[in-house]
Amino acid sequence: MKVTAEDVLRALKQVKDPELGVDVVQMGMIKDLKVKDGHVSFTLELTTPACPYNEELKSAVLKAVESVKGVERVSMEVKSRVLSVRPQSQALNPIPSVKNVIAVASGKGGVGKSTIAVNLAVALSEAGAATGLLDADVYGPTIPRFIRGYDFSSSVRGNKVEPARGPLGVKMMSLGLIVTDDTPVIWRGPLVGTTVRQLITDVDWGELDYLIVDLPPGTGDAPLTLAQTVPLSGVVIVTTPQKAAVTIAMKALRMFQRLNVNVIGIVENMSYVRCSDCGKTIRVFGESYARRAALEAGVPLLAEVPLLESILEGSEDGTPVIVRDPKSEAAEVFRALARRVAGRVSVIAAGGR
Ligand SMILES: Nc1ncnc2c1ncn2[C@@H]1O[C@H](COP(=O)(O)OP(=O)(O)OP(=O)(O)O)[C@@H](O)[C@H]1O
Ligand SMILES: [Mg+2]
């Protein structure tokens, strides 16, 4: 009996995306299916190159096709096409070439937003996603300092500014590239909002899967304008473990929720230190209030990032830890974070929560 495309599709309908619970055929992940004389060829289109379950899914799909009676040979090409999330308000037009804008925010200053934003962007880019990084901290832009030594000659083409190139191809824009460290910028509220918006719309980002936006601390004009004028796929809230920091971070979380922005999850930074002698983890700040708050808010705790010298050094000397020490624990933590974020964005884009 000759194998047909229907036979193959029937088998593939048994394979579900572990995160979405929807089968790969219904998800539209199977493209260009051809069956000829026992030879099956198709493209598997993943929803993000940084999905936590990609390997699992690839082997499940292959196994399902191989087990169909009459199949002699399988050629599977794997590609990815990042889905974009619908904007939080119908009045907002998506930015055509940018699939997902993801804000990184927190209530408190100094909890590691910029550190998380940089490393998240670098990890997404390393995974193969076209990624941009916007430093929207107009009061104290730090990202150019956190990624030194790259080509920051940004030029103007037509009426758009070309972004600079950071580590692993991350496209970057920051007010810090325009204003020097020693120039105090005195901002009035409305100007902050306009500038943040301009940094997104007047920069020629090109085709991007993810644009990570590092926000200034608090619930002031920058996050507010961003949430009201830029189509956001979601926000990542960063906090340290202590109650005081978490309480303020949750205020920022609720502000975004009130503006209908999806909360991708919470990142707990400086969660623990690892003893260099015995390898044990020590929770210097005690109990994790972030875990409890995430549970109460019904949002995932995306990562617990250790307090590590290599992360600090990464920002001090301008080489993110994935670049300077790719095999380190910190690099792995940020890769796992990137997979969680990309996975959650796919779930939200596909209509889940
Ligand atoms: N996990 C970590 N391990 C070690 N050092 C860290 C870690 N996270 C952040 N830091 C360091 O803490 C300092 C503050 O971090 P960062 O600038 O990212 O915070 P922020 O929340 O963006 O601050 P601001 O509110 O001023 O924008 C930096 O020097 C950074 O290198
Ligand atoms: Mg910062």
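Which residues of helix α8 (residues 289-297) are buried? They are Tyr289, Ala290, Ala293 and Ala294, where buried means that 20 or more other C-beta atoms, placed from the backbone, lie within 10 Å of the residue's own, exposed that 12 or fewer do, and partly exposed that the count falls in between.

## Basis of the description

This is a predicted model, in which local features need pLDDT of at least 70 and side-chain atom pairs count only at pLDDT 80 or more, while totals for chains, interfaces and linings use all residues. Residues are numbered from 1 along each chain as its sequence is written, and chains are lettered from A and ligands numbered from 1 in the order in which they are written.

## Overall architecture

The protein contains 11 helices and 15 strands, taken as DSSP runs numbered from the N terminus (helices H or I, at least four residues; strands E, at least two). Its radius of gyration is 22 Å, which agrees with the value near 20 Å that a compact globule of 353 residues would have; the radius is taken over C-alpha atoms, and the globule rule is 2.2 Å times the number of residues to the power 0.38. Along the principal axes, the C-alpha atoms fill a box of roughly 75 × 60 × 40 Å.

Of the 353 residues, 48% are buried. Among contacts with a separation of 6 or more, 76% join residues 24 or more positions apart, a contact being a pair of residues whose C-beta atoms, placed from the backbone, lie within 7 Å.

## Two domains

The domain assignment, which is automatic or from a database, gives domain 1 (5-80) and domain 2 (98-349), and the C-alpha centres of domain 1 and domain 2 lie 34 Å apart. Eight residues of domain 1 are in contact with 11 residues of domain 2. On the side of domain 1 that touches domain 2, five residues are nonpolar, two polar and one charged, where Ala, Val, Leu, Ile, Met, Phe, Trp, Tyr, Cys and Pro count as nonpolar, Asp, Glu, Lys and Arg as charged, and the others, Gly among them, as polar.

## Helix α8 and its surroundings

The buried residues of α8 fall within an arc of 135° when seen down the helix axis, so they line one face of the helix; the arc is that of the directions from the helix axis to the C-beta atoms. The face turned away from this buried side carries the exposed residues Leu295 and Glu296.

The buried residues of α8 pack against β11 (234-239), α7 (243-258), β12 (263-269) and β15 (301-305). Just after α8, Gly298 takes a positive phi of about 70°.

Arg274 has its place in strand β13 (residues 273-274) and is partly exposed, with 14 other C-beta atoms within 10 Å. Not counting residues up to four places away in sequence, Arg274 touches Gly279, Thr281 and Pro306.

Lys34 lies in strand β1 (residues 30-36) and is exposed, with 11 other C-beta atoms within 10 Å. The C-alpha atoms of Lys34 and Leu253 are separated by 47 Å, the two residues being 219 residues apart along the chain.

How values were computed:
Contact = placed C-beta atoms within 7 Å.
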